[in-house]
Amino acid sequence: MAKDQTVLFHSTIFGPIHSRRLGVSLGVNLSPDDGKVCSFDCIYCEAGYNAQGPGKSGLPLRRKVGTDLEKKLLQMKENGERLDVITFSGNGEPTLNPDFPKIIDDVISLRDKYYPDAKVSVLTNSTRIFSPDVAEALKKVDNNILKLDSAIEKTMRIIDQPTSKQFTVESVVDALRQFKGTGIIQTMMLRGEHDGIRIDNTTPEEVEALIEAYRKIQPREIMLYSLDRSTPEEKLIKVGKPELEEIGRRIENAAGVPVKVN
């Protein structure tokens with residue numbers, strides 16, 4: 001059963017908010033501010049399903065992103081506010097914005113001008129890392145956070161519901177290897193039911209498949225997390241922190257990559 005859940009952010013720049021993973025974060029939304037545009041349709045997405053439509057505002061242009069961000073950074077600086085990170089997130093997949101590579105350059109420049117100690121982070125579902133321009137842009141940021149929710153094809157397709165049939169676990173794991181030692185892999189752990197199908201990516205089989213994928217990718221870090229906010233699918237169950245920590249220890253020992261549990 002699905003909830004009538006819609007987008008969270010109604011502006012291009014939002015926050016700052018406190019992120020449980022990143023600290024005091026100023027958000028950059030490269031999706032419409034009145035709709036959702038994403039190459040996944042995740043059953044746990046806090047912004048709701050893609051069926052709500054893309055809205056009417058369109059994807060924000062490079063100039064608007066830069067202008068709005070500089071205005072907010074200047075205001076925060078004058079007020080003596082703290083900033084840990086500028087985070088690309090929002091109402092969909094940020095790398096779908098055609099201006100994404102150039103916007104990354106603009107944001108890094110503005111960060112250097114106003115908050116040089118702050119990090120630039122991108123939360124991406126990994127569907128556009130096959131594009132050289134997108135991949136090169138991601139290599140420029142401090143925290144390139146890339147999604148891999150399951151290393152088993154059937155499970156990935158149920159949880160993430162990619163809009164492209166060409167997107168596969170095998171292809172994305174291979175493409176993620178280009179970020180060896182620098183990329184951060186983010187994995188949502190959950191269980192429950194969707195359309196009458198049971199889901200659980202915490203089983204021994206699932207964890208073993210993830211370990212094998214992490215070994216191939218060799219990321220800088222792995223982020224394990226579970227549900228924290230309302231989801232469009234009602235029959236999902238949060239994995240508790242003690243269980244996440246146990247899975248994290250197993251992965252860290254087997255894959256040889258630091259694991260952070262949130």
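The legends below describe close-up views of one predicted model. Residues are numbered from 1 along each chain as its sequence is written, side-chain values use heavy atoms with hydrogens and water left out, and in this predicted model local features need pLDDT of at least 70, side-chain atom pairs count only at pLDDT 80 or more, and totals for chains, interfaces and linings use all residues.

View 1. Eight strands form an open sheet of mixed pairing in the order β1-β2-β3-β4-β5-β6-β9-β11, where strands (E, at least two residues) and helices (H or I, at least four) are DSSP runs numbered from the N terminus, and two strands pair if DSSP finds at least two bridges between them. β1 (13–19) and β11 stand at the edges with a single partner strand each, so one side of each is left without a neighbour in the sheet. From one strand to the next the twist averages 25°, angles running from 0 to 180 degrees between the N-to-C directions of lines fitted to C-alpha atoms, for helices over the stretch in contact.

View 2. β9 and β11 pair in the parallel sense over three bridges, and V261 in β11 is the bridge partner of L224. α6 packs on the sheet, where it touches β6 (184–188) and β9 (contact meaning heavy atoms within 4.5 Å), and its direction makes about 165° with that of β6.

**View 3. Helix α7 and its two sides.** Helix α7 (residues 241–255) has 15 residues and reaches 20 Å from its first C-alpha to its last, close to the 21 Å expected at 1.5 Å a residue, the expected span being 1.5 Å times one less than the number of residues. L244, I247, G248, I251 and A255 of α7 are buried, that is, under 20% relative accessible area, with exposed meaning over 50% (1.4 Å probe, protein chains only). These residues cover an arc of only 105° around the axis, which puts them on the same side of α7, whereas P242 and N253 are exposed on the other side. What covers the buried residues includes α6 (204–217), β9 (221–225) and β11 (259–261). Just after α7, G256 takes a positive phi of about 70°.

**View 4. The surroundings of N91.** N91 lies in the loop between β3 and α2 (100–114) and is buried, with a relative accessible area of 0%. Its side chain reaches the backbone oxygen of F9 at 2.6 Å. Leaving aside neighbours within four places in sequence, the residues in contact with N91 include V7, L8, N29, D33 and K36.

Terms used: Arc of directions from axis to C-beta. Polar contact = N/O pair within 3.5 Å; in protein donor to acceptor, adjacent residues only side chain to side chain.
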